[in-house]
Amino acid sequence: MDQLTNRILNMAKVVEQQVDQQIAEYENLDDNGLEEIRRRRLAELKEQQKKKEEWLRNRHGEYEELSNENEFFEAAKASEKLVCHFYKPDVFRCKIVDKLLKTLATKYIGTRFVYVNCERVPFLVKRLKLQVVPTIGISINQKMVDYIRVSEELEDNGDIFLETLEERLSQSGVINKAPKIKAPKATTTKIIRGKLLKDGDSDEEF
């Protein structure tokens, strides 16, 4: 049996134990208790569906480019949680960040992911005191609460890892990352290899 099969089986056992525990808790409830659980669960599902419809109306689940400052402020107003990649077209690292954020946009539908060309939003660049690209801005409840300077925080020997970016966004509170299920240690897979970067390519100052 190979290592991957062992990992899958171990993860399945953990999930099975969690389900068995929940079933045991339900078996100890009377009819009134079960009815209350069903009622609460139905209310939760209705609220989740309502939220999902609102997110889809606000273009959550996509990775969309904004054209100007007005669109940025409208996006921040419409979505409680917003991730914005400030980029420049001639910086290769920005293309890498685009690829990673596009992946996360489809995974975390409760957060809106957008990107904007710094040259089109000079007022915003000055107001937010952005100095290097790529920079990822975090907006929660219409307030910029955090900034991620990719080269300073995320690079590892020239590589940028999806897992590292995801963890950093989770720390900022803009995404709710599910806790990991314990499994046998495995080698981390690189998403982007350093050899994809152009020689001498580095974060650009404005």
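## Legends to close-up views of a predicted model

**View 1. Ser 79 in the loop between α3 and β2.** Ser 79 counts as buried because its relative accessibility is 2%, where buried means under 20% relative accessible area, exposed over 50% and partly exposed in between, with a 1.4 Å probe and protein chains only. Its side chain makes a polar contact with the side chain of His 60 at 2.8 Å; a polar contact is a pair of N or O atoms within 3.5 Å, of which, within protein, one must be able to donate a hydrogen and the other to accept it, while residues adjacent in sequence count only if both atoms are side-chain atoms. Apart from neighbours within four places in sequence, Ser 79 is in contact (heavy atoms within 4.5 Å) with Asn 58, His 60 and Arg 112.

The model is predicted, so that local features need pLDDT of at least 70 and side-chain atom pairs count only at pLDDT 80 or more, whereas totals for chains, interfaces and linings use all residues. Residues are numbered from 1 along each chain as its sequence is written, and side-chain values use heavy atoms, with hydrogens and water left out.

**View 2. Glu 69 in helix α3, residues 69–78.** Helices (H or I, at least four residues) and strands (E, at least two) are DSSP runs numbered from the N terminus. Glu 69 is buried yet has no salt bridge, and the nearest side chain of opposite charge, Arg 127, is 9.0 Å away; a salt bridge is a side-chain nitrogen of Lys or Arg within 4 Å of a carboxyl oxygen of Asp or Glu, and in assigning charge Lys and Arg count as positive, Asp and Glu as negative, with His and the chain ends not counted. A polar atom of the Glu 69 side chain lies 3.1 Å from the backbone nitrogen of Leu 124. Not counting residues up to four places away in sequence, Glu 69 touches Val 121, Pro 122, Phe 123 and Leu 124.

**View 3. The open sheet of five strands, in the order β1-β3-β2-β5-β6.** The pairing is mixed, two strands being paired if DSSP finds at least two bridges between them. The edge strands, β1 (63–66) and β6 (143–149), each pair on one side only. Strands β2 (residues 81–87) and β5 (residues 135–140) run antiparallel and are joined by six bridges, and His 85 stands opposite Ile 136 in β5.

**View 4. Helix α3 across the strands β1, β2, β3 (112–117), β5 and β6.** The helix runs at about 155° to β2, where axes are lines fitted to C-alpha atoms, for helices over the stretch in contact, and angles run from 0 to 180 degrees between N-to-C directions.
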